[in-house]
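Please have the sequence and the model at hand while reading.

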Amino acid sequence: MAENICEYTGISNGGSGVICSHKHSYMSTGPPINGMESNKSFMMLLHFITFLKDLKTSKMLACHPTKKLSFNQSIRNGDLVIVYERHDNMRAVTVSEGSVLQNRFGVFKHSDWIGKPFGSKVFSSKGGFVYLLAPTPELWTLVLSHRTQILYIADISFVIMYLEILPGCLILESGTGSGSLTTSLARAVAPTGHVYTFDFHEQRAASARDDFERTGLSSLVSVGVRDIQGEGFPDEFTGRADSVFLDLPQPWLAIPSAAKMLREDGTLCSFSPCVEQVQRSCETLRTCCTDIRTFEVLLRTYEVREGKMESLHQDGNGANGSLPSKRRQCSDGSYVHSSAISSALARTCGEARGHTGYLTFARLKCLS
């Protein structure tokens, strides 16, 4: 078994300035990735560029009817918007002329929002303000109703990349839950692909169906009520799925059915919170799949703020007369000048998420 640790950093412009540090580790139980992976990555990039050119209108990505690469950014009556109050407080609101939003910053009239571009800063009657953001899958994940434990952005982005999901793909998902992952899957396969998601709980499935209608994804997502662990996926999908995602308490029971649904060289992912689930899943996967890998993705968020740092200078040797300073006597009798200097300070956020679950990926064995 091979092990590897990889770190990378990136910067987000949300809130007061946030640096995100991602760390993932993986365990490999299959052969190394072959030399075709770089070609596949290049083809994925080409497909994504084609997707951007051909993308049609939807509520989450409303495309301008005459300019295919220019998205329609104006808010209209009936649109879904994300009202950003602060980095840890957002809500989804459907714009309705005549309605108002009332919060601690004042009363906001929906009629004032219509015609403004997404990203606008709007003011209340008493001077408070909020931002009106487009309902991207990333933001929807942060504001949706939690009917179950959900996957967050770090895991979702990893899943979409490793399952090699492209525009036009057919995806099967079991364990719809709150629909967090499903929303991002729908955007990834748009405009010609489709996501078929199943949940054994009828009320949860109905609520998810309503959410997809609200976010304008109902043409890309079909929600079914089915016990995939006990019944498997419907036979109509046999050999048609490009990828399968499982979020089940006993995924090993659904793996044989999932393997039958996959096209040749198709990919599968199983999300499990416990390593014992991973072990049993891997045992079953070895019978039908290869290139089996398990990852854990950890996310650490940093706050970046302007702060004051004290600078000390020896008396008579380098004291900066242009800065206000205080003279302080040291224990050896000498004097130093101290002055406050503005600087960028970074610290970890107190509510950083730890372990969420393990992501196990596998590729269907070729028969030839």
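Predicted model: local features only at pLDDT ≥ 70, side-chain atom pairs only at ≥ 80, totals over all residues.

How many residues does the hairpin that joins S3 to S4 run through? The hairpin between S3 and S4 has 2 residues.

- Strands of a sheet pair through backbone hydrogen bonds, either parallel or antiparallel.

**Strand S3 and its partners**
- Buried here refers to a relative accessible area under 20%.
- Towards S4 (residues 89-94), S3 pairs in the antiparallel sense over 6 bridges.
- Within that pairing, Val 81 has Val 93 of S4 as its bridge partner.
- Towards S8 (residues 129-133), S3 is joined by 3 bridges, and the two strands run antiparallel.
- Val 83 has Leu 132 of S8 as its bridge partner, and Tyr 84 stands opposite Tyr 131 in S8.
- In a regular strand the side chains alternate between the two faces of the sheet.

**Helix H3**
- Helix H3 spans residues 153-162 and includes Val 159.
- Buried residues in H3 are Ala 154, Asp 155, Ile 156, Phe 158, Val 159 and Ile 160.
- After H3 comes Glu 164, which has a positive phi, near 55°.

**Val 159**
- Is Val 159 buried or exposed? Val 159 has a relative accessible area of 0%, and therefore counts as buried.
- Which residues does Val 159 touch, leaving aside those up to four places away in sequence? Its contacts are Leu 181, Phe 245, Cys 269, Leu 359 and Phe 361.
- Of these, Leu 359 lies 200 residues from Val 159 in sequence, while the C-alpha atoms of the two are 7.8 Å apart in space.

Methods. Residues numbered from 1 in each chain as written. Heavy atoms only, no water. Helix = DSSP H or I, 4+ residues; strand = E, 2+ residues; numbered from the N terminus. Buried < 20%, exposed > 50% of the residue type's maximum accessible area, 1.4 Å probe, protein only. Contact = heavy atoms within 4.5 Å. Pairing = 2+ DSSP bridges.
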